[in-house]
Amino acid sequence: MMMKYCKFPSTFILSIVFFITVQAQPKNKIDSLLRVLKTATEDSSKANTLNSLGKESYLTGNYDQARKYSSDALQLCEKTNYEKGKIPAYLNTGLAYFLQGNYPEALKNYLTALPIAKKINDKRGIANCYNNMGLVFTYQGNYAEALKKHLTALKIYREIGETKGLINSYNNMGIIYEEQAHYPEALRSYFAALKISEQAGDKKATADAYYNIGNVNSIQNNLHD
């Protein structure tokens with residue numbers, strides 16, 4: 001997701017989409033999906049279950065298992081001509097690589113998912129691809145390209161009314177500006193995320209936005225001391 005080391009900002013707290021929230025998920029959620037998988041038939045619902053398992057696996061840090069479930073989902077999607085199911089499979093695979101720091105492989109998967117999403121006009125999938133590509137470019141230090149991807153994602157999230165996507169996009173852009181010491185632009189982005197978070201009643205996102213704003217203000221105060 002240039003090759004400069006970039007801190008893992010607190011705001012990359014992903015939806016995959018899509019800023020990135022990596023946190024432990026209850027094991028019983030995976031167990032429940034595995035029970036569903038045992039009786040699933042070879043159709044789109046099984047592919048969706050495999051994709052859900054892929055997501056839960058990378059969220060719990062089991063990246064190899066995440067890629068295995070995603071690979072199984074892709075095979076089934078090919079077999080059943082389920083194009084929509086391929087998109088989360090490639091995104092989950094990409095995120096597993098991203099979280100391990102393998103940015104070229106992450107980007108390759110996002111670039112594979114994007115034309116599929118465009119072909120079937122899956123706007124949320126398209127936006128998620130651009131968002132995740134933006135994360136890759138941010139971590140590689142290619143801020144111009146990262147910003148371009150996040151602006152594209154932002155536009156689509158706005159078109160489809162994807163509140164969480166809007167919050168993530170603004171936060172991710174704020175991170176880019178903050179990394180470049182463009183603090184006024186960073187604050188504008190974080191305040192935009194804050195406004196949407198408060199309107200949506202999303203307390204977690206609101207707290208993240210306040211943290212980011214406070215962090216930028218602290219940096220600016222230190223610069224003037």
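**Exercise 1. Is Cys129 buried or exposed, and what is its relative accessible area?**

The model is predicted: local features need pLDDT of at least 70, side-chain atom pairs count only at pLDDT 80 or more, and totals for chains, interfaces and linings use all residues. Residues are numbered from 1 along each chain as its sequence is written, and side-chain values use heavy atoms, without hydrogens and water.

Step 1. Take the cut-offs: buried is under 20% relative accessible area, exposed over 50%, partly exposed in between (1.4 Å probe, protein chains only).
Step 2. Cys129 has a relative accessible area of 0%, so Cys129 is buried.
Step 3. Cys77 also comes to 0%, so Cys77 is buried.
Step 4. Count disulfides (a pair of cysteine sulfur atoms within 2.5 Å). The count is 0.

**Exercise 2. Find how helix 6 and helix 7 pack.**

Step 1. Locate them: helix 6 is residues 123-140 and helix 7 is residues 143-160. Helices are DSSP runs (H or I, at least four residues), numbered from the N terminus.
Step 2. Read the geometry. The angle is about 160°, and the axes lie 8 Å apart.
Step 3. Classify. Angles over 145 degrees count as roughly antiparallel, so helix 6 and helix 7 are roughly antiparallel to each other.
Step 4. List contacts (heavy atoms within 4.5 Å). Among them, helix 6 contributes Ile126, Tyr130 and Phe137, and helix 7 contributes Ala146, His150 and Tyr157.

**Exercise 3. Check the span of helix 9.**

Step 1. Helix 9 has 18 residues, 183-200.
Step 2. Look just past the end: Gly201 takes a positive phi of about 70°.

Technical notes
Helix = DSSP H or I, 4+ residues; strand = E, 2+ residues; numbered from the N terminus. Expected span 1.5 Å × (residues − 1). Axes fitted to C-alpha atoms, helices over the stretch in contact; angles between N-to-C directions. Parallel < 35°, antiparallel > 145°, perpendicular 65-115°, else oblique.
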